[in-house]
Each structure stands twice: as C-alpha cells, then as structure tokens.
Amino acid sequence: MELLGALTLPGIERSVPYVRLFLRDTFVPGYVAPGDELLADMALVVDELAANGIRHTASGKGGKFTISLWAGRGVLRAEVTDDGANGARPVVRTVPEGESGRGLHIVGALASRWGYRPEGAGTTVWAEFPVRGGRPQG
C-alpha cells in the first residue's frame, strides 16, 4: 500500500471536522468521485475512529492523534493512531446501550474489514474500503 498522507491533530472534538476534510482532499478526485457514497461511508468511519480515540484514550486528555490515508490495489485504507488507554484495546460491545457504544458497529457495517494493532503505548485502528471497479482512479 502507498501512504498518501498523514495528519496529526490535537485530541479535541474540534479536530474531527479536519479529519473529514483531510479525507476528502486526499481521496477526491484521484481515488473517489465527489459525492460518491463511498466517500460518505469513509467520512463516517473516520469520524467514529477519531471520536473514539479522543473519548477513550490519552489522546483526549491533552494528547494528539494521527490519521493516515493509504491506497492499494483496489482498496483504500484509513488509520487513526491514538496515544493509548493504559493497554486497553478497542472492544465491540455486544449490546450497545444509550447514545454510545455503536461506533465500532458502524465501522464494521461500512468497512469491508477493520482491525487494530498496538503502536507502543498507543493503538492504530484501521478500516479498509474496496474501490469500485477494483482499483483506484487516476
């Protein structure tokens, strides 16, 4: 996979809209058409990943997080790396309750596959999306 770009932001809620802009500016027009449903799905997923990093890790306690965007043969990937949560890793709740707990269910529903890997004290959560037609445009 080829790294297209990475952006590090403060771990505050006001950073989340910049994640969406970075995604759009990186993938449009070379990989995804403006207004494509895939772009909307990816934006929702990176919103969830960034918000989870801010809400549940040291990133939201004065830290930062990084979004990295990748392109490979027939796939686009978004990764969010946070500052860590004392060794805790992402967990999909079996029964989301109230207004929280649904984020990773949304990620699982929209991405073709997703996962995470430890990054020192932090965690990188990634999600992949197939590109229609089997390969990126451009």
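Strands β4 (residues 113-119) and β5 run antiparallel and are joined by seven bridges; strands here are DSSP E runs of at least two residues, helices are H or I runs of at least four, and both are numbered from the N terminus. Two strands count as paired if DSSP finds at least two bridges between them. Keep in mind that this is a predicted model, where local features need pLDDT of at least 70, side-chain atom pairs count only at pLDDT 80 or more, and totals for chains, interfaces and linings use all residues. Residues are numbered from 1 along each chain as its sequence is written, and side-chain values use heavy atoms, with hydrogens and water left out.

**The β4-β5 hairpin**
- Two residues sit between β4 and β5 in this hairpin, and Gly 120 in the turn has a positive phi of about 65°.
- Tyr 116 has Val 125 in β5 as its bridge partner.

**The sheet around it**
- Five strands make an open sheet in the order β1-β2-β3-β5-β4, with antiparallel pairing.
- β1 (2-10) and β4 are the edge strands with a single partner each, so one side of each has no neighbour in the sheet.
- On average, neighbouring strands are turned by 15° against each other, direction ignored.
- β2 (residues 64-72) is joined to β3 by seven bridges, and Thr 66 stands opposite Thr 81 in β3.
- β3 (residues 75-81) also has seven bridges to β5, again antiparallel.
- Helix α2 (residues 37-56) lies across β2, β3 and β5, at about 170° to β5 (axes are lines fitted to C-alpha atoms, for helices over the stretch in contact, with angles from 0 to 180 degrees between N-to-C directions).

**Strand β5 and Arg 77**
- Eight of the nine residues in β5 (122-130) are buried, meaning under 20% relative accessible area, with over 50% being exposed and anything in between partly exposed (1.4 Å probe, protein chains only).
- Arg 77 stands opposite Glu 128 in β5.
- Arg 77 also lies over the face of Trp 126, 4.2 Å from the ring centre (the rule wants NZ of Lys or CZ of Arg within 6 Å of the centre and within 35 degrees of the ring normal).

**Asp 82**
- You'll find Asp 82 in the loop between β3 and α3 (103-110).
- Asp 82 counts as buried because its relative accessibility is 11%.
- Leaving out residues up to four places away in sequence, Asp 82 touches several residues, including Lys 64, Phe 65, Gly 122 and Thr 123 (contact means heavy atoms within 4.5 Å).
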